[in-house]
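I opened the model to look up one side chain and its surroundings, then the fold as a whole. My entries follow.

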Amino acid sequence: MQIAVLALQGAFIEHEQMLAKIGVSSFEIRQRRDIERPFDGLIIPGGESTVQGKLLRELGLFAPLKEKIEAGLPVFGTCAGLLLLAEKIENDTRSHFATMQMTAVRNAYGRQLGSFYTEAEFKGIGIIPMTFIRAPYIAAVSGEAQVLAEAGGHIVAARQKNQLVTAFHPELNEDTSVHQYFAEMVEQSRL
């Protein structure tokens, strides 16, 4: 199994470290030629969704990655990655991949000072640590998207077929269970 990590901006190294902990190899996508390598899944890290969206387009990565996601490539978006996958962003006129049937709220908890840590139930895993940094949340899911976790009355994780999103940063804690969950999604897609 080989998982590509979008490495244009944000917390991509931490995702690579988590994958290594669970014995999954990864490589970074930084330019167009990187997506010519074979890979079974994609992680879109946290960071700044506007910057990532702009760079994806400028580097010619946007259309081929969107095509792969729509064709069933397993993808895991954290924080900004959630916003890139959201069909609609409530407080932003832009949309990016828009492949997941959900409405997100950008910077929903405020600025950097609104960052926080909690623990909550994640469907199929149990209670896990959740670190939120200038995080979005999911205002609503529809169609085939299903809620996997809620914290403080807001949806903070969801899945729709091959797509997984978290508003929090599982790569910033020691717990590897969310990355393991994604690796199992990737494994299932390969069968």
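I count as a polar contact a pair of N or O atoms within 3.5 Å; within protein, one must be able to donate a hydrogen and the other to accept it, and residues adjacent in sequence count only if both atoms are side-chain atoms. The model is predicted, so I note that local features need pLDDT of at least 70, side-chain atom pairs count only at pLDDT 80 or more, and totals for chains, interfaces and linings use all residues. Residues are numbered from 1 along each chain as its sequence is written, and side-chain values use heavy atoms, with hydrogens and water left out.

Entry on His-15. I found His-15 in helix α1, residues 12-21 (a helix is a DSSP run of H or I, at least four residues; a strand is a run of E, at least two; both are numbered from the N terminus). Which side chain makes a polar contact with that of His-15? I found the side chain of Glu-171, at 3.4 Å.

I then looked up what His-15 touches, leaving out residues up to four places away in sequence: Val-5, Ile-43, Pro-45, Phe-76, Thr-78, Glu-171 and His-179 (contact means heavy atoms within 4.5 Å).

Is His-15 buried or exposed? His-15 is buried, with a relative accessible area of 0% (buried is under 20%, exposed over 50%, partly exposed in between, with a 1.4 Å probe and protein chains only).

Entry on the whole protein. I noted 5 helices and 12 strands. Of the 191 residues, 52% count as buried. Among contacts between residues at least 6 apart in sequence, 64% join residues at least 24 apart. The C-alpha trace spans about 40 × 35 × 30 Å along its principal axes.
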